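Trainee: Hi! Could you walk me through this one? I'd like to start with pockets.

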Amino acid sequence: MFQIGDYIMYGKMGVCQILGIDKGVLFDGVKMDYYVLQPVYKNNSSIIKAPVGSPKIHMRKLVSRQEVYSYIDAMPDMESAWIVDDKARFQQFNTILSTGNCGDWIDLIRAVYFKKRDRKTGDKSISPRDLEISKEAKRLLHEEFSIPLAITPEEVEEFIASKVGDRES
């Protein structure tokens, strides 16, 4: 169970802070505990009520600062495979966005990045949908990394580039 004040990842919404834990009637007259969440970056004026312990809602603790550094250190050595079948790829990408795993987001971002780079050399098989999904994965990853790094999401990409560049030097 999360505590008041914790920062969590809440599905595709992104980073939210837990403002409270209340009891109430949410659905079909069922009484339950629920978290009162406030998005930190996206729609940050809204309030979300999410049932405690619901298997349908993906909520998890943010990665630690040490885990962020581990992900960044592993980036140059990660392999990203491109799924050729459009339908299977979009389904996989949407699952990755929904379940919220940093390593999977990085794989998705890298796969689209390398496919886009290949496109510049003649391979034209990347869609606007791939680019949009990659952009969303990047937003979620940058939001999550920003909290333990104590920087803004907009600063995360440069931070990662500097750390990967330091490693390669």
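Mentor: Happy to, and this is a predicted model. About 670 Å³ of space lies in its largest pocket. A pocket is an open set of points on a 1 Å grid where a 1.4 Å probe fits, with protein on both sides within 12 Å along at least five of seven lines, and the volume is the space filled by probe spheres set on the points.

Trainee: Which residues are closest to the centre of the largest pocket?

Mentor: Ile109, Arg110, Tyr113, Lys138 and Glu157, out of 22 lining residues; lining means having an atom within 4 Å of a point. H3, H4 and H5 each give two or more residues to that lining, and H3 has the largest share with nine. Helices are DSSP runs of H or I, at least four residues, and strands are runs of E, at least two, numbered from the N terminus.

Trainee: How many of the lining residues are nonpolar, polar and charged?

Mentor: Twelve are nonpolar, two polar and eight charged. Asp, Glu, Lys and Arg count as charged; Ala, Val, Leu, Ile, Met, Phe, Trp, Tyr, Cys and Pro as nonpolar; the others, Gly among them, as polar.

Trainee: New topic: is Asp130 buried or exposed?

Mentor: Asp130 counts as buried because its relative accessibility is 0%. Buried is under 20% relative accessible area, exposed over 50% and partly exposed in between, using a 1.4 Å probe on protein chains only. Asp130 is located in helix H4.

Trainee: What does the side chain of Asp130 join up with?

Mentor: A polar contact of 2.8 Å links it to the side chain of Arg89. That term means a pair of N or O atoms within 3.5 Å, and within protein one must be able to donate a hydrogen and the other to accept it; residues adjacent in sequence count only if both atoms are side-chain atoms.

Technical notes:
Residues numbered from 1 in each chain as written. Predicted model: local features only at pLDDT ≥ 70, side-chain atom pairs only at ≥ 80, totals over all residues. Heavy atoms only, no water.
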